[in-house]
Amino acid sequence: DSIYDMGVQEEAMDAEAPTNGNGSSTKADVTTNRKLIRTVSMDVETEEFDSMVTNVESRVEELGGYIESAYTYNGSAYYGSQNRYAEMTVRVPDAELENFVEQVSGFSNVVSKTTSTEDITLEYVDTEGLKEMYIAEETSLLALLEKAESVEDITYLTTRLSEVRYNIESLESRLLKYD
């Protein structure tokens with residue numbers, strides 16, 4: 001199961017952390033205002049396959065998340081394989097990630113678990129800046145359109161406005177996905 005989480009605030013101690021005036025180190029919050037995506041991948045096993053899949057689905061819903069993708073293999077009569085497995089990508093809210101991992105660990109045997117964090121702060125800030133640039137261009141184009149007199153100018157401006165509006169909506173979608 002892969003679990004998606006964003007905006008996690010974690011504290012880390014820096015080896016060269018500033019002192020608090022009496023010579024001792026202070027903790028530095030290295031993730032303030034950062035956009036982080038934390039992914040937890042787990043390989044789990046159970047003797048109650050159907051019950052486990054149902055438990056995962058209900059826990060995701062209870063925690064306000066959703067299942068992004070799911071694949072289930074139920075074995076093969078032709079090849080004599082009785083092994084069943086499921087691969088799921090679930091998205092849970094930031095505050096519920098640890099709770100979800102604990103719940104899954106409670107009704108299954110965790111064979112392996114990997115956690116990683118991706119910092120998308122730069123991409124997020126760049127996307128916001130680009131969106132603001134397009135909004136400014138849209139405002140300018142609308143002002144020019146009000147003053148336009150020739151059909152050529154009006155056609156060009158409306159075409160460009162359409163392109164700019166598309167770019168703004170695309171960037172807004174990307175920001176929503178990041179959020």
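Colleague: What pattern does the protein follow, read along the sequence?

Modeller: The predicted model has 4 helices and 5 strands. Of its 179 residues, 27% count as buried. Read from one end of the sequence to the other, the pattern is β-β-α-β-β-α-β-α-α.

Colleague: Is helix α3 roughly parallel or roughly antiparallel to helix α4?

Modeller: Helix α3 covers residues 121-147 and helix α4 covers residues 151-178. They pack at an angle of about 155 degrees, with their axes 9 Å apart. Angles over 145 degrees count as roughly antiparallel. α3 is therefore, relative to α4, roughly antiparallel.

Colleague: Is the crossing of α3 and α4 left-handed or right-handed, and how many nonpolar residues does the contact have?

Modeller: α3 passes α4 in a crossing that is left-handed. Sorted by class, the contact of α3 with α4 has 9 charged and 3 polar residues, and its nonpolar residues number 16.

Colleague: How many aromatic pairs are there, and which residues form one aromatic cluster?

Modeller: Rings pair if their centres lie within 6.5 Å. By this rule the count comes to 3 aromatic pairs. One aromatic cluster is formed by Tyr71, Tyr73 and Tyr85.

Colleague: Is the pair of Tyr124 and Tyr178 stacked, edge-to-face or tilted?

Modeller: The ring centres of Tyr124 and Tyr178 are 6.0 Å apart, and their planes stand at 40 degrees. Planes under 30 degrees apart count as stacked and those over 60 as edge-to-face. The pair of Tyr124 and Tyr178 is therefore tilted.

Colleague: How many residues apart in sequence are the parts that the pair of Tyr124 and Tyr178 ties together?

Modeller: Both Tyr124 and Tyr178 are buried. Tyr124 lies in helix α3, while Tyr178 lies in helix α4. The pair therefore ties together parts whose separation in sequence is 54 residues.

Colleague: Which residue has its charged end over the ring of Tyr124?

Modeller: Tyr124 is buried. A charged end sits over its ring, 4.6 Å from the ring centre. That charged end belongs to Lys35.

Colleague: Is Thr155 buried, partly exposed or exposed, and what separates its C-alpha atom from that of Leu145?

Modeller: Thr155 lies in helix α4. Buried means under 20% relative accessible area and exposed means over 50%. With a relative accessible area of 42%, Thr155 is therefore partly exposed. Thr155 and Leu145 are 10 residues apart along the chain, and their C-alpha atoms are separated by 9.4 Å.

Technical notes: Residues numbered from 1 in each chain as written. Predicted model: local features only at pLDDT ≥ 70, side-chain atom pairs only at ≥ 80, totals over all residues. Heavy atoms only, no water. Axes fitted to C-alpha atoms, helices over the stretch in contact; angles between N-to-C directions. Helix = DSSP H or I, 4+ residues; strand = E, 2+ residues; numbered from the N terminus. Parallel < 35°, antiparallel > 145°, perpendicular 65-115°, else oblique. Left-handed = near helix turned anticlockwise from the far one by under 90°. Nonpolar A, V, L, I, M, F, W, Y, C, P; charged D, E, K, R; others polar. Buried < 20%, exposed > 50% of the residue type's maximum accessible area, 1.4 Å probe, protein only. Lys NZ or Arg CZ within 6 Å of the ring centre and 35° of its normal.
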